[in-house]
Amino acid sequence: MWAFAGQVALTCSVALITQGSKHGGAHYSYNTLTVPFYSELLKMLMSAGMLLYGNSKRPRTPQFKFKWKNFFAASVPALLYLITNNFNFVIIDEIGVMSFQILNNFKIVAAAIIFQIVMKRQLTAMQWRGVWLLTIGSVISQLKDCSDGGFSMTGTTKGYVLKSINCTLTSFAGVFCEKFLKHTTDSIHYQNLQMYFWGTVLAAISLVASAVQHRHGLSELWSGHNVLSVTLIFNYAFVGLATAFVLKYLDNIAKNFAAVSAMFAAAIAGYIMFEEPLTVHMLGGLAIAAMAADIYVQHNHLSNGSS
């Protein structure tokens with residue numbers, strides 16, 4: 001429960017802190033690739049520390065058993081999460097905080113389809129109704145008020161395309177991560193250590209590639225950072241750890257439901273902090289999306305309870 005509550009708070013604050021970390025609210029003054037790198041490094045160090053602490057408390061009880069297969073399997077969710085975390089900076093810049101948070105609901109849509117195809121998990125008719133209602137609500141929330149009778153969206157085409165890709169990759173990452181975490185009895189700290197090792201290595205590779213392409217020096221690692229960008233690094237680290245605990249001890253649906261819970265707080269905070277408008281379409285779509293998510297999750301609990 002604490003992991004779930006923590007993920008709700010941290011998921012909500014990711015978009016808000018990202019927007020706030022912009023220089024003058026206009027552009028990022030730091031290399032955004034450094035944020036995932038530092039957060040992965042921080043998560044790796046924290047996981048190593050917690051693993052060592054657990055071993056010191058129970059020295060005679062093995063916390064893990066190394067297997068090359070599991071080690072390399074950890075690279076899959078690490079790569080997918082790294083890609084989506086880097087996408088977040090562009091998406092928030094293109095569609096804004098509120099739209100970013102609301103469109104996170106598409107993760108449930110993507111997760112439902114992925115579970116249907118990859119995990120061979122059949123959804124009920126009621127769950128599919130919830131999925132499509134969630135889609136409709138999210139789309140409605142993005143409509144502009146057009147006095148001339150035209151049709152337009154609040155964000156850019158680039159932002160919506162990237163958000164669709166982002167939700168799909170995040171859902172794949174969630175499925176792979178849940179399978180990875182639950183298929184062994186190894187300590188979650190050891191499993192996290194493997195994932196975050198790969199995350200750190202892959203993030204470092206992206207930084208080196210960027211430095212070579214743009215001829216940047218080592219100063220790019222800290223240049224332009226501010227209090228909020230550093231806060232964002234810690235936020236990504238803690239939301240990653242909370243997500244791992246939710247996937248290990250709850251499930252992928254609970255993780256996505258946390259995103260739905262977070263969108264209300266993000267909508268209010270976005271309105272107060274960044275003066276993002278709360279239109280009729282936004283509020284109506286928000287309400288429909290919330291009810292749809294509730295239908296999906298509640299029916300999922302009923303199905304599990306009767307099976």
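Leu247 is buried, with a relative accessible area of 0%; here, buried means under 20% relative accessible area, exposed means over 50%, and partly exposed covers what lies in between, using a 1.4 Å probe and protein chains only. This leucine is found in helix H10, which covers residues 227-249. The model is a predicted one, so local features need pLDDT of at least 70 and side-chain atom pairs count only at pLDDT 80 or more, while totals for chains, interfaces and linings use all residues. Residues are numbered from 1 along each chain as its sequence is written, and side-chain values use heavy atoms, with hydrogens and water left out.

The overall fold comes next. The chain has twelve helices and zero strands, where helices (H or I, at least four residues) and strands (E, at least two) are DSSP runs numbered from the N terminus. Read along the sequence, this gives the pattern α-α-α-α-α-α-α-α-α-α-α-α. Of the 307 residues in the chain, 49% count as buried.

Leu79 sits in helix H4, residues 75-95, and is partly exposed at a relative accessible area of 39%. Between Leu79 and Gly199 there are 6.5 Å in space, C-alpha to C-alpha, for a separation of 120 residues in sequence.

Charged side chains were examined too. A search of the whole structure finds three salt bridges, a salt bridge being a side-chain nitrogen of Lys or Arg within 4 Å of a carboxyl oxygen of Asp or Glu. One of them joins Lys22 to Asp93, with the closest N and O atoms 2.4 Å apart. Lys22 lies in the loop between helix H1 (2-20) and H2, whereas Asp93 belongs to helix H4, so this pair ties together parts that are 71 residues apart in sequence. The two partners can be compared by their accessibility: Lys22 counts as buried at 7%, while Asp93 is partly exposed at 40%.

Another salt bridge forms where the side chains of Lys43 and Glu40 meet, at 2.9 Å from N to O. Because Lys43 and Glu40 are three residues apart in helix H2, about one helical turn separates them. Lys43 counts as buried, with 5% relative accessibility, and Glu40 counts as buried as well, with 4%.

There is also a salt bridge between Glu178 and Lys182, whose closest N and O atoms are 3.0 Å apart. Both residues lie in helix H8 (residues 157-182), four residues apart, or about one turn of the helix. Glu178 is buried, with a relative accessible area of 13%, but Lys182 is partly exposed, with 37%.

The surface carries patches, which are made of residues with over 30% relative accessible area and no salt bridge; like charges are joined within 9 Å, and nonpolar side chains (Val, Leu, Ile, Met, Phe, Trp, Tyr) within 5 Å. Met126, Leu133, Ile136 and Ile295 form a nonpolar patch with about 290 Å² of accessible area together, an area that comes from the Shrake-Rupley method with a 1.4 Å probe, where only the protein chains shown count as cover for residues. Helix H7 (residues 125-141) gives the most to this nonpolar patch, with three residues. Ile295, in turn, lies in helix H12, residues 280-306, and is partly exposed at a relative accessible area of 31%.

A positive patch is formed by Lys65, Lys67, Lys69 and Lys179. In this count, Lys and Arg are positive and Asp and Glu negative, with His and the chain ends not counted; the place of a charge is taken as NZ of Lys, CZ of Arg, CG of Asp or CD of Glu. Lys67 has its place in the loop between helix H2 (34-57) and helix H3 (68-73). This lysine is partly exposed, with a relative accessible area of 45%.

Finally, the cysteines deserve a look. A disulfide is a covalent bond between the sulfur atoms of two cysteines. The structure holds zero disulfides, the cut-off being a pair of cysteine sulfur atoms within 2.5 Å. Cys167 is buried, with a relative accessible area of 2%, and Cys177 likewise counts as buried, at 2% relative accessibility.
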